[in-house]
Amino acid sequence: MKKLTALFLCLIMALGVTPALAYTSGTYTGVGRGLNGDITVEVIFSDDEITSVTVLEHGETAGVSDAAIEQMPQRIVEHQSLAVDTVTGASYTSNGILEAVAAAVTLAGGDVEALKAVEVVQQAGDPIDMTADIVVVGGGGAGLAAAVTAAEEGASVILVEKSAAYGGNTILSGGYFQAAEESYLQYASLSEGQKEEIERYCNLEPKDDYMAKWQEIVKEQYAEHLAAGHEYLFDSPELHMIQTYDGGDYLGDPELIEMMCYGDVESMHWLSGHGFSWKPSTVAIVGSIWMRCKASADYASGQGFIAVLSNAIEEKNLDVTTVFDCTAEHLIQDNETGRVIIVTGTGKDGTPYTFKADKAIILATGGFSANVEMRQQYDELWGNLTESVPTTNAATITGDGINMALEVGAALVDMGQIQLLPTADPVTGQTNNVIGEGTNMYVNQEGKRFVDESSRRDVLAKAILAQPGSYCYVISTFHNSRMDEEYKNNYHMYLDDLLASGAVVQGDTLEELAEKIGVPVDTFVETCTNFNQYAADSNDPEFGRVVFPDNAALEMEGPFYACKRAPAVHHTMGGIKVNVNNQVLDEQGQIVPGLYAAGEVTGGFHGSNRLGGNAVAEVITTGRNAAAHAVAE
C-alpha cells in the first residue's frame, strides 16, 4: 500500500497536480526541536490549505537563525509542502520549524506524509554576470571586514555568500577577541605565577631573529612595568607574538604572526569606530594562555562582529552588493597575464553566476572542519576524525576556497594541523549550551582533576580523550559561570533552558552535584577544596597551573553546576599560503596575481595549535589587511 501511494503521488506530481489535502480549518500551534531548544509555531489552515505560518517562540541564536525563521514559513505556505529546502547555514532551525508545522498539521487533521511528498522543484534562472572592483568570497568576519574596508576605500564590492545570511563561523564563536590593548590591563591583576611565566617566555631559546627581537622588547617593557609599581596585568603585542609562536610549536610564520598581533590592536579600535562596544574586562578563555581576551558589551557570542559590520554596509550606504545562497566554485585566470579575474558560482536554485573583479578577488571562505573527507585526507595529529567526531563549525565550512585556490596554482601550508576544541557538546559539537567554560576546573568520571585547565587546546583535548569515556565535566558556580544577572550565558541562553535540555546539571551542594553526575562524592569534594586553595595561592602543585583568573575558585555555597564536555573538530590551522599583504603565493613563493586570502582559509599564522581568542582577531585583521592592499593595487 505504501508503494502504491508513493507511485500515485509521483504520478500526480509529474502531471503538475498537487494532492488534495484537507484540514479542519482554524488556528493550531505546534512545537519542534531547534538547535538550542523548542520552536513554537502558529499555523492557520483553511479547509484545503495552509494559509499562514508564524514562529511564536524560539531560543535560536540571533543572526544564525534569522533567515530560517523568516524564509521557512514563507516557503511552506508558498509551496504547500513540508519538503521545502532548509535554509543553508540554519538547518537545525529549519528542521525544527518543519517539525513544529508537522505537529500543527496533525492537530488540524492533515496528512503529514502527503505534505512531505509534495516535491518542490526549483527552476534555475538565466546566467547572471556581475562586475566590481573587488569580489569577496565568504560573508563571515573576514569577508565582511574585507568588504567594508574595500568599500570605505572607494572600491565597488561584490560579496558572494554560500548561505542565506552573513556570519560564517564568526557568528558561532564565543565572541572573544585576543589583542594586547593596554587600556584593558587594569581589569586583571598580575600574580606571582604570571610573573614567572613572563620571565620564562623572555628566557626561552629564541628560534630566530624575530623571536629574539620580541623577547628584548618584552624585557624592557616588563622592567618598566615593574619599576612603575604596577600591580595590574602586564601585556604587550610582542608578548602576544611570543606566546602565539611558542603555542604553535614554532611552525607559524613569524612575519605573519607579527602582522597579526600588531594588527589585532588596530582592529579593536577600527571596530570601535564602527560602533562596536567592548566590555570593560579582559579574561582568559579555554586555551588562550593569557588574560587577553575581550568581548562585546552589547551582543552575545560572535554576533556583534557580524552585526556591526553588516550594519555599516547599510548605514554608510557602502557600495557592497551581496549575493546570498550562491556557492563559489571556480577561479578563472586571464590567459595572457595569469591574473585571477573571475569567480564562477551556482545559486541554490541552479542559476549560474559569473563575478568579474577589475582589481582583485579575496577568498574568505573559512577552513574545512565540516568536510569529513578533507579532514581525514590532511589530518596528521589525531588519526580518527571521521563523521563520528562532531564539529563546532557551520555546515558550510567545507574547504571551498582552498580547493578553488589549488586550481590556480596556490600553495598550501600546515594542512595537517587540525585543532579540536576540548570543551564542546559530546554529541552535537555545540559550544553555546555551556556555562563555566574557559579555565574553570575540569574533572573526570572519577571526580578528579587531570590537567592544567589553562593549557593549550591540543594539550587539553589529548588529556580529555585519555579520560574514562573521553569526556570531562566543567565545574562552576555563579561567579565564574559567565552568566549575567538574568542567568544567561555568554551566548544568551538561559540557565533554565540549559537545565531542561540536560546540557547543564545543577546541585545545591557539592555532594548533590557529585551524585547527579555519578562521580565519587568524597573524591569530588576533596578535588574542589584543593582547587580553591591552589587558586588562592596561584600555585597548583598537582599540574603546575599558574594562570588563575581572580574568579577561578568555586564559591563554597551552592548552587554548583557541571557541564559534560568532549573534544570536537574546531579549527584548521592550515590553508592557503599568503604573505604579509595577504596575497596568495604559489609553490615557488611567487604571488598569484589578483588573488588574496583572509581568515581561516589561510595557513601559516598558528602553527600546530591556535591560541583561544586568536581566530576572531585574525579574521578581522587579515580581512582588513587583504582589502587595503587589494584596493591599493
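I began with Glu 216, which is partly exposed, with a relative accessible area of 43%. I kept in mind that this is a predicted model. Its salt-bridge partner is Lys 219, and the closest N and O atoms of the two are 3.4 Å apart. Lys 219 counts as partly exposed too, at 35% relative accessibility. Both sit in helix H7 (residues 209-227), and because they are 3 residues apart there, about one helical turn separates them.

Next I looked up salt bridges elsewhere. I noted a count of 18 salt bridges, taking a side-chain nitrogen of Lys or Arg within 4 Å of a carboxyl oxygen of Asp or Glu.

Then I followed Lys 316, whose side chain meets that of Glu 152 in a salt bridge of 3.0 Å, N to O. Lys 316 is in the loop between helix H10 (303-315) and strand S8 (320-323), while Glu 152 is in helix H5, so this pair ties together parts 164 residues apart in sequence. I found Lys 316 partly exposed at 46% relative accessible area, and Glu 152 partly exposed at 33%.

Another pair I checked was Lys 162 and Asp 400, with a salt bridge of 2.9 Å, N to O. Lys 162 lies in the loop between strand S5 (157-160) and strand S6 (177-178), and Asp 400 in helix H12 (residues 400-407), so the bridge links parts 238 residues apart in sequence. Lys 162 is partly exposed, with 22% relative accessible area.

Back to H5 itself. I saw that 11 of its 12 residues are buried, among them Gly 141, Leu 144 and Val 148. I compared its length too: at 1.5 Å a residue, helix H5 (residues 141-152) should span 16 Å, and its end C-alpha atoms are 16 Å apart, which agrees. Just after H5, Gly 154 takes a positive phi of about 100°.

How do H9 and H17 meet? I found that the axes of helix H9 (residues 254-273) and helix H17 (residues 614-632) come within 8 Å and cross at roughly 85°. Residues making the contact include Met 259 and Trp 270 of H9, and Ile 620 and Arg 624 of H17. I noted 6 nonpolar, 6 polar and 4 charged residues in this contact.

My last stop was Val 443, in strand S14 (residues 441-443). Val 443 counts as buried, at 0% relative accessibility. Leaving aside residues up to four places away in sequence, I found Val 443 touching Arg 449, Phe 450 and Phe 524, among others.

Definitions and conventions. Residues are numbered from 1 along each chain as its sequence is written. This is a predicted model: local features need pLDDT of at least 70, side-chain atom pairs count only at pLDDT 80 or more; totals for chains, interfaces and linings use all residues. Side-chain values use heavy atoms; hydrogens and water are left out. Axes are lines fitted to C-alpha atoms, for helices over the stretch in contact, and angles run from 0 to 180 degrees between N-to-C directions. Helices (H or I, at least four residues) and strands (E, at least two) are DSSP runs, numbered from the N terminus. Contact means heavy atoms within 4.5 Å. Ala, Val, Leu, Ile, Met, Phe, Trp, Tyr, Cys and Pro count as nonpolar, Asp, Glu, Lys and Arg as charged, and the others, Gly among them, as polar. Buried means under 20% relative accessible area, exposed over 50%, partly exposed in between (1.4 Å probe, protein chains only). The expected span of a helix is 1.5 Å times one less than its number of residues.
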